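My entries follow in the order in which I looked things up.

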Amino acid sequence: MIQYVYLGRVDYGEALRLQQELVALRTAGRIGNVLLLLEHPPVLTLGRNANRANILASDELLAARGVTLHQINRGGDVTYHGPGQLIGYPIFDLRSLRNPSGHHRLGPVDFVRLMEEALIRICGELGVAAGRICGLTGVWCGLPEPQISTKSAPSAANGPCDALTQSAGRKIAAIGIHVARGVTSHGFAFNVSTDLRDFSLINPCGITDRPVTSLEREVTDPANLPNLESLARMSAREFGLVFNEPVALIENLAALRALADAVPESPASDSSTTEFPVPDSSAPIFPAQDTPLQIPPEIERLRRSKDRPVSA
């Protein structure tokens, strides 16, 4: 089951602390898979692979615009979050999910592809044709002969792409995750009614030859665009469909914490750290911003190992 909660506008630092709390609870088995849906004030985030040169604005300009800056532990480069953007933070244990292809366990790349699929379907519901670009993570509009997604979920193994282009496409959603001990954090940023002028502060994800866009710009009737809370419900429903899991609404954080309090803490859990739980040395971390379409070698070795773990 996927439980989701819509939080409205949340400060980015508070959202990081909340992810830390929920990742620890999920790692300890005290909560199930949770999808946080929210909105941020203006903020720039720098992944572990970020190039500071991709921030085009000076510190003084950022301060004058009220834009904060955070260095975080997802993979990838610089991204912008702000009002009018639906943010999704899935706190999921990958070992609890089934791979739609049925051929192997769900890995980080498969997970990213399925998140893309959910957002592509939302665009399709609103009459906006969207798809993928080979070699680039995220969801894109304005592709040559774009296709609205079908109801069959993609497989990371065959590297799904709706376009192989050099410069076509407008990015409507960015994705970047962090995985530790099989539990995901960070997630997606879906431009709904975002002020696209704020993206001039950066080279989004380090990409300089493709613009960003929003649902407000792409739909035929912006006046009837659903609000963020309605789109959050649509997102949760589509997540349930692509991951083949039932979906349940959690009214607020207090209700979610009450569920966790009803489950005793596992002795093996470790929530004492100030950052997301650090995996054992044998458990690799998988950054997934601009995720390659090939299966990572760590996953391929796991698939081929005679002593591979039993699926949870």
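**Helix packing**

I began with the contacts (heavy atoms within 4.5 Å) and found that L18, E21, L22 and L25 in α1 meet L253, L256, R257 and A260 in α6. The model is predicted, so I note that local features need pLDDT of at least 70 and side-chain atom pairs count only at pLDDT 80 or more, while totals for chains, interfaces and linings use all residues. Residues are numbered from 1 along each chain as its sequence is written, and side-chain values use heavy atoms, with hydrogens and water left out.

I then looked up the axes of α1 (residues 12-27) and α6 (residues 253-261), which come within 11 Å and cross at roughly 25°. The two helices are therefore roughly parallel to each other (angles under 35 degrees count as such). I recorded the crossing of α1 and α6 as left-handed.

**Hairpin**

Next I turned to β7 (residues 130-133) and β8 (residues 136-141), which pair in the antiparallel sense over three bridges (pairing requires at least two bridges found by DSSP). Within this pair I saw G131 standing opposite W140 of β8. The strands β7 and β8 form a hairpin with two residues between them, and G135 in the turn has a positive phi of about 85°.

**Whole chain**

Finally I noted seven helices and eleven strands in the chain (DSSP runs, H or I of at least four residues for helices, E of at least two for strands). Of the 312 residues, 54% count as buried (under 20% relative accessible area, 1.4 Å probe, protein chains only).

Notes: Buried means under 20% relative accessible area, exposed over 50%, partly exposed in between (1.4 Å probe, protein chains only). Axes are lines fitted to C-alpha atoms, for helices over the stretch in contact, and angles run from 0 to 180 degrees between N-to-C directions. Angles under 35 degrees count as roughly parallel, over 145 as roughly antiparallel, 65 to 115 as roughly perpendicular and the rest as oblique. A crossing is left-handed if the near helix is turned anticlockwise from the far one by less than a right angle, and right-handed if clockwise.
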